[in-house]
Amino acid sequence: MKLANDILLNGALVLIVLAGALLLVRIWRGPSMLDRAVAVDIAAVLIIAGIGVNAAITRTSYYLSIMLVIAFLGFTSSVAIARFIAARDRPGIRPRSGAISLKKNPKINLKKELKKELKKDQGSKERP
C-alpha cells in the first residue's frame, strides 16, 4: 500500500511540474493580457497543488493553513488583474453635455460654475 501511495504521489508531482513548465510557456507567449492573467491564476493553483502533494508525502497537516492563505492571495490577485484589464480596456469617459471644461476657458470661476450646476440639478429633480 505504501509503495502504491508513493508512486501516485510522485506521479502527481511530476504532472504538476510538467503543468508548471507549460504554464511558463503560456505566460511567455500568451498573445493577450487576459491569457497571461489566467496563467498567473493557474500558477497559484499549481503552487497549492504542489504544497498539497508535499503535505501528503510528509503526512503533516501544517501546510493546510498555508494553502488557504495562498488560495486567498490567488483569488485576490485574480480580481485585481481583472479590474486592471477591465479599466484598461474601457473606452474613454465622455464628459456630460454642458460640462465645464477648463481647457477651453482656464479663467472660469469654478465655484460659481459648480453652484450654477447644483441649482440646475436641484431645480430639475422631481419633488414628492
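A residue is called buried when its relative accessible area is under 20%, exposed when that area is over 50%, and partly exposed in between, using a 1.4 Å probe and protein chains only. The model on display is predicted, so local features need pLDDT of at least 70 and side-chain atom pairs count only at pLDDT 80 or more, while totals for chains, interfaces and linings use all residues. Residues are numbered from 1 along each chain as its sequence is written, and side-chain values use heavy atoms, with hydrogens and water left out.

**The whole chain**

Begin with the entire protein in a cartoon view. Its secondary structure consists of four helices and zero strands, where helices (H or I, at least four residues) and strands (E, at least two) are DSSP runs numbered from the N terminus. Along the sequence the pattern reads α-α-α-α. Of the 128 residues, 13% are buried. Contact here means heavy atoms within 4.5 Å. Among contacts between residues at least 6 apart in sequence, 44% join residues at least 24 apart.

**Helices H1 and H2**

Select residues 2-29, which form helix H1, and residues 33-58, which form helix H2. Two packed helices are described by the angle between their axes and the distance between the axes. The axes of H1 and H2 come within 9 Å and cross at roughly 165°; such axes are lines fitted to C-alpha atoms, for helices over the stretch in contact, with angles from 0 to 180 degrees between N-to-C directions. H1 is therefore roughly antiparallel to H2, a term for angles over 145 degrees, whereas those under 35 count as roughly parallel, 65 to 115 as roughly perpendicular and the rest as oblique.

Next, display the side chains where the two helices meet. On the H1 side they include Leu 9, Ile 16, Leu 23 and Trp 28, and on the H2 side Ala 39, Ile 42, Leu 46 and Val 53. By class, this contact has 17 nonpolar, three polar and four charged residues. Ala, Val, Leu, Ile, Met, Phe, Trp, Tyr, Cys and Pro count as nonpolar, Asp, Glu, Lys and Arg as charged, and the others, Gly among them, as polar.

Now centre the view on Leu 23, a residue of helix H1. Leu 23 is buried, because its relative accessibility is 10%. Leaving aside residues up to four places away in sequence, Leu 23 touches Ala 39, Ile 42, Ala 43 and Leu 46.

Move along to Val 14, also found in helix H1. Val 14 is exposed, with a relative accessible area of 56%. The C-alpha atoms of Val 14 and Gly 50 are 9.8 Å apart, and the two residues are 36 apart in sequence.

**Arg 59 and the tyrosine pair**

Select Arg 59, in the loop between H2 and helix H3 (63-89). Most residues other than glycine have a negative phi. Arg 59, although not a glycine, has a positive phi of about 60°. Arg 59 is exposed, at 61% relative accessible area.

Finish at Tyr 62 and Tyr 63. A search of the whole structure finds one aromatic pair. The ring centres of Tyr 62 and Tyr 63 lie 5.8 Å apart with the planes at 70°, so the pair is edge-to-face. Rings of Phe, Tyr and Trp (its six-membered ring) pair if their centres lie within 6.5 Å; planes under 30 degrees apart count as stacked, over 60 as edge-to-face and the rest as tilted. Tyr 62 is exposed at 60%, whereas Tyr 63 is partly exposed at 24%.
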